[in-house]
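Let us walk through this structure step by step. Keep the model open as you read.

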Amino acid sequence: MVTTAFSVVMLLVLSSLAGSKVAGIREWGQANALAVIALLLFASRGVMPDVLSIEVANGMYIATIALMYAGFRRHVGQPVPEALLLAGGAATLLAVAVFHYGWNSLPLRSVAVSSYYASICFAIAATLPIPADRRLRYAFAFTRVAASVVGAIHVSRAVFYGYAAASSPLVFLDPATYNLVFFGFGTMALPALTLGAVMMANAQVISETAYAADHDHLTGAPSRRAFFAAAEREHARAGRRGSGLGLLLMDVDHFKRINDTHGHAVGDLVLRDLVLHTQEVVRKIDYCARLGGEEFAVLLPDASFETALAVAERVRAALDRSLQLAPATIPVAYTVSIGVAMLEEGENITGLMARADKALYAAKAGGRNRVARAVATAPAQDARGAAGEG
């Protein structure tokens, strides 16, 4: 009855996540709904016909662990071995019937069901990878451990009851300590796995929400919010280490003309193409983000002035291109203008952005499709050169 209450609670929690479209929620919910019915049937032993409290109850409880496994497989994007699950479940249920009507033995029925449960629990543990997203790792690790522990308990239960079948009789709800221990652990198996499933689903929702907040929905590039957070981190690191920090500001030349001539859908394709090719030519440590509209920024940690100019020129050359929309259409050509600025001593991100923005306008005023350097504010740098085209 305690496990039934747990399953009802978990079912309600899973129902609250149904609208999140997290893969696996449906199967986990079905498993707990079946468990509620199965557990009530188990509790009716001696009141209702044995076929309901033994065969039907065990069949439904076997289905619960199979559904849990299917939910975990769907959650991580792996196919569900339905035929194997059905064959294993049918064989287990057949063994339950044999050890009821053929040779009535509660221990051997326990061995059959525990063996199936153990195999599925270990399969669940093996299914769950170590995710790359650190926000998901704790939930995945908890569920792997819970599945492994539950599997180990069922192996112990199968071995113990296998021995008991040959040495001593056993009755349902025997108050012996060992039986109560196994019964107690057994009642926590499904709630533990469901708790892990809920944690995984919740972690995915949080991860997706954080990703949506930090990334532009159109291009997939980091958003303005994420860019400024990264810029402040790199600014602090550059101050601690005395390393260089460069910034490229760029936007698409005559972007309004592209939208007016070809439509906004084509303009969107240009922006996605820009991000794709920019990320291909910048360094792995560089950070490309969309600031808004057709304006983009590339943060250059640990960069010298020469490195920043070289990266800017690579980006400009890579984006001097024609976008072929379809074989029968005329290619859509686009270019970008880029302003380059290097962080100066005592300067904040706002100041760096302002100088890069002025350099961007200088590049546009100079004819577009070019790189312009920001005007240095320090006298020592003024001697090296003011704003001009790269």
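This is a predicted model: local features need pLDDT of at least 70, side-chain atom pairs count only at pLDDT 80 or more; totals for chains, interfaces and linings use all residues.

Start with helix α11, residues 305-318. It has 14 residues. From its first C-alpha to its last it reaches 20 Å, close to the 20 Å expected at 1.5 Å a residue. Five names matter here: A308, V311, A312, V315 and R316 are buried in α11. Seen down the axis of α11, the buried residues fall within an arc of 135°, so they line one face of the helix. What do the buried residues of α11 pack against? Their partners are β1 (245-252), α10 (264-281), β3 (295-301), β6 (336-342) and β7 (371-373).

Now turn to the salt bridges. Side chains of opposite charge can pair when their charged atoms come close. The count here is 16 salt bridges. One of them joins the side chains of R74 and E27, at 2.7 Å from N to O. R74 sits in helix α3 (residues 50-75) and E27 in helix α2 (residues 25-43), so the pair ties together parts 47 residues apart in sequence. E27 is buried, with a relative accessible area of 5%. R74 is partly exposed, at 35%.

A second pair is R237 and D302, with the closest N and O atoms 3.0 Å apart. This pair links distant parts of the chain, 65 residues apart: R237 is in helix α8 (residues 224-241), and D302 is in the loop between β3 and α11. R237 counts as buried at 16% relative accessibility, while D302 counts as partly exposed at 39%.

K364 belongs to helix α12 and D251 to strand β1, 113 residues apart. Are these two residues buried or exposed? K364 is buried, and so is D251. Salt bridges can also share partners: R26, E27, R74 and E82 are joined this way into one network.

Stay with helix α12, residues 349-365, and find R355. R355 counts as buried, because its relative accessibility is 10% and the cut-off is under 20%. R355 and V375 are 20 residues apart along the chain, yet their C-alpha atoms are separated by 6.7 Å. Beyond its neighbours within four places in sequence, R355 is in contact with several residues, including A341, E344, V375 and T377.

Finish on the surface. V2, F6 and M188 form a nonpolar patch there, with about 270 Å² of accessible area together. M188 comes from helix α7 (residues 177-214) and is partly exposed, at 39% relative accessible area.

Definitions and conventions. Residues are numbered from 1 along each chain as its sequence is written. Side-chain values use heavy atoms; hydrogens and water are left out. Patches are made of residues with over 30% relative accessible area and no salt bridge: like charges are joined within 9 Å, nonpolar side chains (Val, Leu, Ile, Met, Phe, Trp, Tyr) within 5 Å. Accessible areas come from the Shrake-Rupley method with a 1.4 Å probe; for residues, only the protein chains shown count as cover. A salt bridge is a side-chain nitrogen of Lys or Arg within 4 Å of a carboxyl oxygen of Asp or Glu. Helices (H or I, at least four residues) and strands (E, at least two) are DSSP runs, numbered from the N terminus. Buried means under 20% relative accessible area, exposed over 50%, partly exposed in between (1.4 Å probe, protein chains only). The expected span of a helix is 1.5 Å times one less than its number of residues. The arc is that of the directions from the helix axis to the C-beta atoms. Contact means heavy atoms within 4.5 Å.
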